[in-house]
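Please look over the structure shown here. This report takes up a pocket and a strand.

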Amino acid sequence: MLGVDVDTFLARPLFCFLSTATDEGPRVSPLWYDWDGHHLWIVADPVTKSYPARIERDPRTAVAVVDFDAERGLVQHVGMRGRASVEPFDPERASAVFSRYIGPRERWDDRFLGVFDVPDRYRLVRFDPETVVARDQSYAPT
């Protein structure tokens, strides 16, 4: 058992590691996300990133989210397997993703604000978990 509620854990501004399939084998992308309690949402640029096309070819995906702090001995992990889909851009969902990592919109770097200037270029990835494993492997630091 994780020791914290999965929703509480996934509300932390941690990176998720999205695994997708390629002809050469699995590929992992570290990404920002937002968890709505049922789905994990990722802002995607299919022009410069290859994972949206991989998802469209094969929606079977996996996600790992890890919180690690050696000083405190914290090692917590949520792993999920499921399916992902590439969805139309939604400014509200994109704002939720960016806000959880970089705060209020007035603090955003221009590259994040620019996403909203050309919304037809961007997409959202929706990850639907089918299995979830949560583990707390924390230890007493020395």
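## Model

This is a predicted model.

## Largest pocket

The largest pocket holds about 490 Å³ of space. Its lining is made of 18 residues. Leu31, Val43, Lys49, Tyr51 and Phe112 are the ones that lie nearest the centre.

Sorted by class, the lining has 13 nonpolar residues, two polar and three charged.

## Strand E4: burial

E4 also deserves a look on its own. Five of its five residues are buried, so E4 is largely enclosed by the rest of the structure. Buried here means under 20% relative accessible area.

Leu40, Ile42 and Ala44 point one way from the strand. Trp41 and Val43 point the other way. Residues on both sides are buried. Val43 is also among the residues nearest the centre of the largest pocket.

## Strand E4: partners

E4 pairs with strand E3 (residues 34-35) through two bridges, and the two run antiparallel. Asp34 stands opposite Trp41 of E4. E3 and E4 form a hairpin, with four residues between them. Gly37 lies in the turn and has a positive phi of about 100 degrees.

E4 also pairs with strand E7 (residues 123-136). That pairing is antiparallel too and spans five bridges.

Conventions
Residues numbered from 1 in each chain as written. Predicted model: local features only at pLDDT ≥ 70, side-chain atom pairs only at ≥ 80, totals over all residues. Heavy atoms only, no water. 1 Å grid on protein atoms, 1.4 Å probe; cavity = no way out; pocket = protein on both sides within 12 Å on 5 of 7 lines; lining within 4 Å. Points joined across faces, edges and corners; volume = space filled by probe spheres on them. Nonpolar A, V, L, I, M, F, W, Y, C, P; charged D, E, K, R; others polar. Buried < 20%, exposed > 50% of the residue type's maximum accessible area, 1.4 Å probe, protein only. Pairing = 2+ DSSP bridges.
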